[in-house]
Amino acid sequence: MHTEQRIAIRKKITLDILINYDQYHVSFPRLWKTRDLSACGAFVEMRRIELPADARIEAVLVLEYQENHEPHSLPAEVVRVSGDGIALRFGSYTERTYAALCTLLENSH
């Protein structure tokens, strides 16, 4: 039986997310939507799953930071693949990105 191992609570937030996956040195960026988001990861809705579990990707979110909207790059790993999308666990990212994510999460209802 699989149990959830989340560190942070995810909130239902829909954002555009760019997924960069470089398999065999051929990059294919794709724009998707998040279903939920936390400071530790996200669930990304995908109709056709194109990424395998354990894939290492770059997730790019446009977040507000100090009243400016700017892209934030987050290294991530695909930790779960389901029929309607993928779950990502974020790796290490900048304090600036952390501040922008926390502001978004605190201000969402």
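The model is predicted, so local features need pLDDT of at least 70 and side-chain atom pairs count only at pLDDT 80 or more, while totals for chains, interfaces and linings use all residues. Residues are numbered from 1 along each chain as its sequence is written, and side-chain values use heavy atoms, with hydrogens and water left out.

Along the sequence, the pattern is β-β-β-β-β-β-β-β-β-α. Of the 109 residues, 39% are buried (under 20% relative accessible area, with a 1.4 Å probe and protein chains only). Among contacts with a separation of 6 or more, 54% link residues 24 or more positions apart (contact means heavy atoms within 4.5 Å).

Strand S9 covers residues 85–90, and five of its six residues are buried, so S9 is largely enclosed by the rest of the structure. S9 pairs with two strands, S6 and S8 (pairing requires at least two DSSP bridges). Strand S6, residues 41–45, is antiparallel to S9 over five bridges. Here Phe-43 has Ala-87 as its bridge partner. Strand S8, residues 68–82, is also antiparallel to S9, over six bridges. Ser-82 stands opposite Gly-85 of S9. A hairpin of two residues joins S8 to S9.

Ser-38 lies in the loop between S5 (30–37) and S6. Ser-38 is buried, with a relative accessible area of 1%. Its side chain reaches the backbone nitrogen of Cys-40 at 2.9 Å.

Methods. Buried < 20%, exposed > 50% of the residue type's maximum accessible area, 1.4 Å probe, protein only. Helix = DSSP H or I, 4+ residues; strand = E, 2+ residues; numbered from the N terminus. Polar contact = N/O pair within 3.5 Å; in protein donor to acceptor, adjacent residues only side chain to side chain.
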